[in-house]
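Hi everyone, thanks for coming. I'd like to walk you through one structure today, so let's get it up on the screen.

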Amino acid sequence: MEQPSILVTGASGFIGQHVVRHLTSLGHHVTALDFRPPGDPFPEGVRYFRCDIRTDPFPKQRFDAVVHLAALAGVRPSIDRPLDYVHANIGGTVRLLEFCREQGIRKFVFASSSSVYGDCKGCASAESDPLHPMSPYALTKSQGEQWGELYSRLHGIRFVALRFFTVWGDGQRRDLALAAFTKALNDGQPVRVNGDGTQRRDLTHVSDVARAVALAAGYRGADFAVFNVGTGRNHSVLEMVKQAERFTGRKAVIERHPGHPTDVPETRASTLKSATCLGWRAEVSFP
């Protein structure tokens, strides 16, 4: 049987590179789309296509599925640049959905975010919970899901939204907590902690995220579906500082700063739906 051909946007990013490698290891034919090349070469057989999803034409090819990871990331930067986030995250998503409609592509996997939930108030967030996005970034992810639901209903595109909880692992963005703490310690600098450090995050390893993406690309259930991609457990910011100390063998000097209004006290995923309908569970625990 011919293996599926999959277009992956944001392929040069942290998550994207892991997803491309995992899909390739499964034998899929992958076209990697990004406006910049990857830091490490893509696996043999992967076709790289340079493209800015906001403005550039997409490759005129009918793929079996599109995995849409490209986006402006970061909750805090979105506060100061809301129009940029709307243009990239909503405009880019709609352009890709239109591309799928025109090319007859019927599967679309969308990288959403746990930030759509807002404050979970100590409870595990389930896919059926009301959404309370607290930043422009979170709002663009929520609205991306809504556009996907609309295109699913109007044009028969099977749209699967994966709500990623805090993703960690090799190559993660330097502004994310664990990477930032580790870099500060390696550089002999104080570790900056916003708030009291008791904020808790569901930390999901990027290899588990890549597996979830592959399963979503092959999903044959409802035409519109949303799944959490998280562990169901969480860890405090101060625990992440301790882990950075173990990584580096250095003791942290903590520099405290006021909390940010977009920071929720806690995130934690309900994993029942992902396990039941997608056949996915996290396999890697945070140390």
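Here's something to start us off: which element gives the largest share of the lining of the second largest pocket? Keep in mind as you look that this is a predicted model. The element is helix α5, residues 177-186, with 4 residues in that lining.

Let's stay with this pocket for a moment. The space in it comes to about 260 Å³. Its lining has 14 residues, and those nearest the centre are Gly169, Asp170, Gly171, Gln172 and Ala179.

Now to α5 itself. Its buried residues are Leu178, Ala179, Phe181, Thr182, Ala184 and Leu185. An α-helix has 3.6 residues a turn, so residues three or four places apart point the same way. And what covers the buried residues of α5? The cover includes β7 (167-168), β8 (191-194) and α7 (237-248). Just after the helix comes Gly188, with a positive phi of about 70°.

Next, the inside of the protein. The largest nonpolar core holds 35 residues, and the ones with the most contacts inside it are Val8, Ile15, Val19, Val20, Leu69, Leu162 and Phe164. Several elements supply at least two residues each, including β1 (5-9), α1 (14-25), β4 (65-68) and β6 (158-164). The largest share, 8 residues, comes from α6.

Take Leu162 as an example. Setting aside its neighbours within four places in sequence, Leu162 is in contact with residues including Val109, Phe110, Ala111, Ala212, Val213, Phe227 and Leu278. Apart from this core there is another one, of 22 residues, with Cys51, Ala70, Ile90 and Cys100 among them.

Last stop, strand β4. Which residues point one way from β4, and which the other? Ala65 and Val67 go one way, Val66 and His68 go the other, and all are buried. In a regular strand the side chains alternate between the two faces of the sheet.

β4 also has strand partners. With β1 it runs parallel, and 4 bridges join the two; Leu7 stands opposite Val66 there. With β5 the pairing is parallel too, over 3 bridges, and the bridge partner of His68 in β5 is Phe110.

Definitions and conventions. Residues numbered from 1 in each chain as written. Predicted model: local features only at pLDDT ≥ 70, side-chain atom pairs only at ≥ 80, totals over all residues. Heavy atoms only, no water. 1 Å grid on protein atoms, 1.4 Å probe; cavity = no way out; pocket = protein on both sides within 12 Å on 5 of 7 lines; lining within 4 Å. Points joined across faces, edges and corners; volume = space filled by probe spheres on them. Core = buried A, V, L, I, M, F, W, Y, C linked by side-chain atoms within 4.5 Å. Buried < 20%, exposed > 50% of the residue type's maximum accessible area, 1.4 Å probe, protein only. Contact = heavy atoms within 4.5 Å. Pairing = 2+ DSSP bridges.
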